[in-house]
Each structure stands twice: as structure tokens, then as C-alpha cells.
Amino acid sequence: MRVALFLTCVNDTLYPDTGRAVVKLLTRLGVDVDFPMDQTCCGQAHYNTGYRHEAEPLAWHFSDVFRDYEAIVTPSGSCGAMVRELYPRLGERARAEGRGDGLARALAPVVPKTYELTEFLVDVLGVTDVGAYYPHRVTYHPTCHGLRGLGLGDRPRRLLEAVKGLELAELPGAAECCGFGGTFAVKNAAVSAAMGVDKVRDAESTGAEVLCAADNSCLMHIGGTMSRLGSGMRPVHLAEILASTEEEPAL
């Protein structure tokens with residue numbers, strides 16, 4: 001199966017190890033992974049800030065870059081939700097404004113074959129035990145876009161529960177937002193920071209060494225809060241845990 005890795009801006013710029021982990025993991029599972037070099041921002045930041053028309057060229061470009069792949073896999077619930085939930089709205093709004101159905105038709109092939117990583121593993125490949133090894137106590141934070149937008153449900157937990165050596169600790173208030181929310185963290189910094197502190201304190205109460213999530217934007221916010229609080233915990237993307245093996249263990 002030939003798939004494209006849609007890495008996203010945050011991962012490409014700040015967390016390239018997550019992208020490497022996705023490639024390592026999927027290759028181990030027999031998937032042929034390509035990284036289209038022409039990929040750019042999906043337009044989520046523009047759309048969420050009210051610049052809908054400015055997001056449209058990025059959606060067109062996404063379609064041009066990814067349309068020929070069997071599947072598009074991303075280690076980001078927020079950007080995955082942008083494609084799956086909001087790209088159809090972009091197309092419909094363009095049509096409603098009398099600008100034709102070209103955008104809707106261009107996006108139609110790529111929307112249904114865009115998967116967040118855990119969806120692809122569980123629903124498409126049909127696996128939960130990916131042969132991972134990670135001998136640490138871990139707590140899992142379900143990020144908002146994955147939980148509410150994509151409806152990931154228990155897929156990430158099922159994958160974590162199958163990791164050899166991993167002890168999974170239940171996170172109190174798991175469904176509560178960490179406070180990042182993209183531009184929300186900039187526009188409402190005090191509220192965002194307070195929510196981040198609540199999330200870190202809940203995570204610390206589990207006794208876990210690692211807080212895991214499937215979206216590095218949220219982990220960036222949580223990790224920054226951990227650093228400022230002097231927490232002994234560390235944030236780790238789910239892909240990096242799943243890519244870890246006894247032969248090549250991750251930290």
C-alpha cells in the first residue's frame with residue numbers, strides 16, 4: 001500500500017522526529033510511505049482565525065499534492081480534522097457564494113482518504129499490536145480535535161495497551177482541553193496557561209513519567225507548562241512510542 005505522510009507545519013518545523021517515527025512504524029508494518037516535498041500548510045490557522053478565503057488556495061494545493069495516493073496519513077488530529085471536517089465546508093461555502101463547485105470537486109477525493117495515524121493503524125491496517133516496546137509508565141491525553149472532531153475514541157488507548165513494557169495510567173479529567181487551541185493560546189493567554197497548569201497537575205497525579213498525546217501542538221503547550229512548573233514529566237508523541245522497539249528503544 002502506497003501512502004503519503006502529511007506531516008503538518010508544526011511537526012515539520014519543530015518535531016521532525018515524529019515524522020521519522022511515523023515512517024519507521026509504517027515501514028515496519030509493510031507500508032510504502034512517501035513524503036511529498038511540495039506539501040505545505042493545510043490552512044487550519046487561517047480558517048480558525050477567520051481568513052476562510054485565504055485558506056482556500058492551501059486546500060487546492062493539498063488536493064494537487066495528495067490526490068494520487070491510496071491514503072494520506074497524518075500524526076495530527078487537528079490538521080486531520082481540518083481536512084476531514086472543514087475542507088468540505090470550504091467547498092460548500094465557495095459554491096454558496098456563487099464561485100462554482102470546483103473547490104468541492106477538487107477536495108472530494110482527498111477528504112475521505114485522509115487518516116489520523118491511529119485511525120489508519122486500527123481501521124485500515126487492522127492492527128493494535130504494532131510490535132512496540134516502551135518500558136515506562138505513561139498517561140494519555142486525548143486532544144480535542146481527535147476526541148471531538150475525528151472521534152478517535154479508544155483507538156489510541158488500544159494501541160498503547162498493546163505496547164510491551166508500557167504501564168498505562170488513567171488521566172483524571174482526560175477529556176478536558178489542555179488550553180492550547182491554536183490562536184486561542186495567543187488571544188486568551190491567561191486562560192490558556194491556567195488550563196495548561198490544570199492538565200499538568202492532573203498528569204502528575206498519575207505518577208507517570210510520560211504524558212502521551214497524538215498531536216504535537218497540544219504537547220508543545222503541555223510541555224512548555226511542564227518546563228515552567230519544573231515538572232519531572234515529559235511529553236512524547238504517540239507515534240514515537242509506537243515506533244520504539246526492544247532493538248531500537250525510544251527514550
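**Entry 1: helix 2 and helix 7**

I began with two helices and found that the axes of helix 2 (residues 16-28) and helix 7 come within 12 Å and cross at roughly 5°. Helix 2 and helix 7 are therefore roughly parallel to each other; I note that angles under 35 degrees count as roughly parallel. The model I am reading is a predicted one.

Next I looked up which residues meet. Helix 2 brings Val22, Leu25 and Leu26, and helix 7 brings Leu117, Phe120 and Leu121. Sorted by class, this contact of helix 2 with helix 7 has six nonpolar residues, no polar ones and no charged ones. A general point to keep beside this: an α-helix has 3.6 residues a turn, so residues three or four places apart point the same way.

**Entry 2: helix 7 by itself**

How many of the eight residues of helix 7 are buried? I found six of the eight, so helix 7 (residues 117-124) is largely enclosed by the rest of the structure. The buried residues I wrote down are Leu117, Thr118, Glu119, Phe120, Leu121 and Val122. Just after helix 7 comes Gly126, which takes a positive phi of about 70°.

**Entry 3: Thr8**

I then turned to another positive phi. Thr8 has a phi near 85°, and Thr8 is a residue other than glycine. For background, most residues other than glycine have a negative phi. Where is Thr8 found? I located Thr8 in the loop between strand 1 (2-5) and helix 1 (9-14). The relative accessible area of Thr8 is 7%. Buried means under 20%, so I recorded Thr8 as buried.

**Entry 4: helix 11 and helix 12**

I looked up a second pair of helices. Two packed helices are described by the angle between their axes and the distance between the axes. For helix 11 (residues 189-204) and helix 12 (residues 216-229), the axes come within 9 Å and cross at roughly 80°.

On the helix 11 side, the contact is made by Ser192, Ala193, Gly196, Val197, Lys199, Val200 and Arg201. On the helix 12 side, I listed His221, Ile222, Thr225, Met226 and Leu229. The residues of this contact of helix 11 with helix 12 divide into six nonpolar, four polar and two charged.

Val65 lies in helix 4. Is Val65 buried or exposed? Val65 is buried, with a relative accessible area of 15%. Leaving out residues up to four places away in sequence, Val65 touches Pro36, Asp38 and Gln39. I also checked Val65 against Leu168: they are 103 residues apart in sequence and 38 Å apart in space, C-alpha to C-alpha.

Arg67 lies in the loop between helix 4 (52-66) and strand 3 (71-74). Arg67 is partly exposed, with a relative accessible area of 38%. With residues up to four places away in sequence not counted, Arg67 touches Val110 and Lys113. Tyr133 is 66 residues from Arg67 along the chain, and their C-alpha atoms are separated by 34 Å.

**Entry 5: Pro135**

I found Pro135 in the loop between helix 7 and strand 5 (137-140). Pro135 is partly exposed, with a relative accessible area of 41%. Which residues is Pro135 in contact with, leaving aside its neighbours within four places in sequence? I noted Lys164 and Gly165. Pro135 and Pro249 are 114 residues apart in sequence, and their C-alpha atoms are 9.0 Å apart in space.

**Entry 6: the chain as a whole**

I read off 13 helices and eight strands. The radius of gyration is 18 Å, close to the 18 Å that the globule rule gives for 251 residues, so the chain is as compact as a globular protein of that length. Along the principal axes, the C-alpha atoms fill a box of roughly 55 × 45 × 30 Å.

Of the 251 residues, 49% count as buried. The chain exposes about 11000 Å², and carbon and sulfur atoms supply 52% of that area. I also looked up contacts between residues at least 6 apart in sequence: 80% of them join residues at least 24 apart.

How values were computed. Residues are numbered from 1 along each chain as its sequence is written. This is a predicted model: local features need pLDDT of at least 70, side-chain atom pairs count only at pLDDT 80 or more; totals for chains, interfaces and linings use all residues. Side-chain values use heavy atoms; hydrogens and water are left out. Axes are lines fitted to C-alpha atoms, for helices over the stretch in contact, and angles run from 0 to 180 degrees between N-to-C directions. Helices (H or I, at least four residues) and strands (E, at least two) are DSSP runs, numbered from the N terminus. Contact means heavy atoms within 4.5 Å. Ala, Val, Leu, Ile, Met, Phe, Trp, Tyr, Cys and Pro count as nonpolar, Asp, Glu, Lys and Arg as charged, and the others, Gly among them, as polar. The radius of gyration is taken over C-alpha atoms; the globule rule is 2.2 Å times the number of residues to the power 0.38. Buried means under 20% relative accessible area, exposed over 50%, partly exposed in between (1.4 Å probe, protein chains only). Accessible areas come from the Shrake-Rupley method with a 1.4 Å probe; for residues, only the protein chains shown count as cover. Angles under 35 degrees count as roughly parallel, over 145 as roughly antiparallel, 65 to 115 as roughly perpendicular and the rest as oblique.
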